[in-house]
Amino acid sequence: MSEAIPYTVDARPDTGLNNVKIGIWLFLASEVMLFGALFAAYILLRVGADEWPVGSEILNVPLATLNTVVLISSSVTMVMAWASLIRKDFGKYRLYMGLTILCALGFLVIKYIEYSSKIHHGYLPETNTFLAIYFTLTGLHGLHVVGGAAMNAYLWGPGAKMWKTAPQQFINRVEASGLFWHFVDLVWIFLFPVLYLL
């Protein structure tokens, strides 16, 4: 016997939040702990090392700067997509969500170019601790970009059918996806100076 899980679009009286928002905040809290532990490991390894490479001498700062601009732009278009649904303008939602997905793909292409260059020049994770951390942190972040882009692509494509049947639930899903996307951007805002500039 199967029973559908109840979904409530209205805010809970005890928290003032709806179900999806509580769920995504709990998930993001676990993500903060994951990346927080990795950043802490990076700091401990760097402080304890006798010598540490300068990121800007090994990594491609202009490409990373471009990727920063791309991700920040995608956060803006993500907000515009959600705001378009609030205004009941589904056409603009599709436009802005499509731009968000394109920015995510652009980020991944740029990261692929950067990775290819590093591998071509023999800069591999086993080369030194710095590069091991670089590939671990940026690789994990890249997986989050792929996950966020896949979710946004679903909400842009087949998942958008919900707009006709349950619009408030669809808006809530887009908002939750947007919160995750902003988290992905925020992680990169920390990664960029820590790995590339300091």
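1. α3 is followed by K88, and the phi of K88 is positive, near 60 degrees. Helix labels here are DSSP runs (H or I, at least four residues), numbered from the N terminus. Bear in mind that this is a predicted model: local features need pLDDT of at least 70, side-chain atom pairs count only at pLDDT 80 or more, and totals for chains, interfaces and linings use all residues. Residues are numbered from 1 along each chain as its sequence is written, and side-chain values use heavy atoms, with hydrogens and water left out.

2. Staying with α3 (residues 61-86): its 26 residues reach 38 Å from first C-alpha to last, close to the 38 Å expected at 1.5 Å a residue (the expected span is 1.5 Å times one less than the number of residues). At the N-terminal end, the cap is N60, with a side-chain oxygen 3.1 Å from the backbone nitrogen of L63.

3. Now the helix pairs. α1 (residues 19-48) and α5 (residues 129-156) have axes that come within 11 Å and cross at roughly 165 degrees. That makes the two roughly antiparallel (angles over 145 degrees count as such, and those under 35 as roughly parallel). Axes are lines fitted to C-alpha atoms, for helices over the stretch in contact, and angles run from 0 to 180 degrees between N-to-C directions. The crossing of α1 past α5 is left-handed, meaning the near helix is turned anticlockwise from the far one by less than a right angle.

4. Who touches whom in that pair? From α1 come E31, L34, F35, L38, Y42 and L45, and from α5 come T129, I133, L137, L140, H141 and H144 (contact is heavy atoms within 4.5 Å). The class breakdown is eight nonpolar, three polar and one charged; Ala, Val, Leu, Ile, Met, Phe, Trp, Tyr, Cys and Pro count as nonpolar, Asp, Glu, Lys and Arg as charged, and the others, Gly among them, as polar.

5. α4 (residues 90-120) packs with α7 at about 30 degrees, the axes 13 Å apart, and the pair is therefore roughly parallel. This crossing is left-handed. On the α4 side the contact uses F90, Y93, M97, T100, A104, F107, K111 and E114, and on the α7 side F170, V174, W181, W188 and Y196. By class, that is 10 nonpolar, one polar and two charged residues.

6. Last, E175, which sits in α7 (residues 167-197). Setting aside neighbours within four places in sequence, E175 contacts K21 and W82.

Technical notes:
Parallel < 35°, antiparallel > 145°, perpendicular 65-115°, else oblique. Polar contact = N/O pair within 3.5 Å; in protein donor to acceptor, adjacent residues only side chain to side chain.
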